[in-house]
Every structure is written in structure tokens, then in C-alpha cells.
Amino acid sequence: MVTMMENKTNVDSEMRLCPYLKKPPTDQCYCVKLDSGSVNGMLYYCGRNFHECEIYKSCSCTRDLK
Ligand code: SF4
């Protein structure tokens with residue numbers, strides 16, 4: 001049985017990472033480039049702020065997430 005607190009924790013942890021992290025849609029992803037200019041972008045966007053990422057927003061491969 002999953003308690004309400006455990007369920008909330010699971011949902012929170014899933015919401016913090018970009019769903020594309022496991023399979024980045026483009027070589028332009030911050031987490032793929034990982035050069036000095038991308039590290040801050042990765043830390044900011046690829047975590048909980050992925051909804052703000054222009055790559056995420058423009059990605060046409062949302063079908064892969066379903
Ligand atoms: S947040 Fe943006 S850069 Fe990071 S993996 Fe997702 S789509 Fe790529």
C-alpha cells in the first residue's frame with residue numbers, strides 16, 4: 001500500500017526531471033553538449049524547469065514519451 005506521502009514523493013521526483021533526459025531528442029540538448037556553455041542550461045532546464053526549455057517546447061518528438 002502506497003501512502004499519500006510516498007505517492008506525493010514519487011510524483012514530485014518524476015516532475016523534477018525532463019522526460020527527455022533518458023533519450024535526448026537532439027544533439028543540441030544541454031545534457032548532450034555538456035560544454036562549458038551548456039552546464040548552466042542543463043542544471044537549470046533539464047531538471048525542474050524543463051517546461052521553460054525552448055528545445056523541450058519546440059520538440060516534435062513528444063510522441064516518443066507516450
Ligand atoms: S530540458 Fe531541454 S535540453 Fe534538457 S533534455 Fe529536456 S529538451 Fe533537452
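I began at proline 19, which I found in the loop between H1 and H2, where helices (H or I, at least four residues) and strands (E, at least two) are DSSP runs numbered from the N terminus. This is a predicted model, in which I took local features only at pLDDT of at least 70 and side-chain atom pairs only at pLDDT 80 or more, while totals for chains, interfaces and linings use all residues. I number residues from 1 along each chain as its sequence is written.

**Proline 19.** I counted 13 other C-beta atoms within 10 Å of proline 19, so this residue is partly exposed. I use buried for 20 or more other C-beta atoms within 10 Å of a residue's own, exposed for 12 or fewer, and partly exposed for the range in between, with C-beta atoms placed from the backbone. From C-alpha to C-alpha, proline 19 lies 9.4 Å from glycine 47, although 28 residues separate the two in sequence.

**Confidence.** I looked up pLDDT, the predictor's confidence in each residue from 0 to 100, and the protein chain averages 81, with 68% of the residues scoring at least 70. Among the elements of the protein chain, H2 has the highest mean pLDDT (96), whereas helix H1 (residues 4-15) has the lowest (54).

**Chain overview.** The protein chain has four helices and zero strands, and along the sequence I read the pattern α-α-α-α. Of the 66 residues in the protein chain, 9% are buried. I then turned to contacts (C-beta atoms, placed from the backbone, within 7 Å), and among those between residues at least 6 apart in sequence, 53% join residues at least 24 apart.

Around the ligand I found 14 residues, of which Cys18, Cys29, Cys46, Cys53 and Tyr56 come nearest. Helix H2 (30-33) and helix H4 (54-58) are the elements that give two or more residues to this shell. A residue counts as near if its C-beta atom, placed from the backbone, lies within 6 Å of the molecule or strand. The shell holds 14 nonpolar residues, no polar and no charged ones.

**Glutamine 28.** I placed glutamine 28 in the loop between H1 and H2, and it is exposed because 11 other C-beta atoms lie within 10 Å. Beyond four places in sequence, glutamine 28 touches Lys33 and Ile55. Its C-alpha atom is separated by 9.3 Å from that of serine 38, 10 residues apart along the chain.

**Leucine 34.** Leucine 34 lies in the loop between H2 and H3, and I noted a positive phi of about 50° there although the residue is not a glycine. Most residues other than glycine have a negative phi. With 12 other C-beta atoms within 10 Å, leucine 34 is exposed.

**Histidine 51.** My last entry is histidine 51, in the loop between helix H3 (39-45) and H4, which counts as exposed because it has 10 C-beta neighbours inside 10 Å. The C-alpha atoms of histidine 51 and leucine 17 are separated by 9.9 Å, and the two residues are 34 apart along the chain.

Terms used
Nonpolar A, V, L, I, M, F, W, Y, C, P; charged D, E, K, R; others polar. Contact = placed C-beta atoms within 7 Å.
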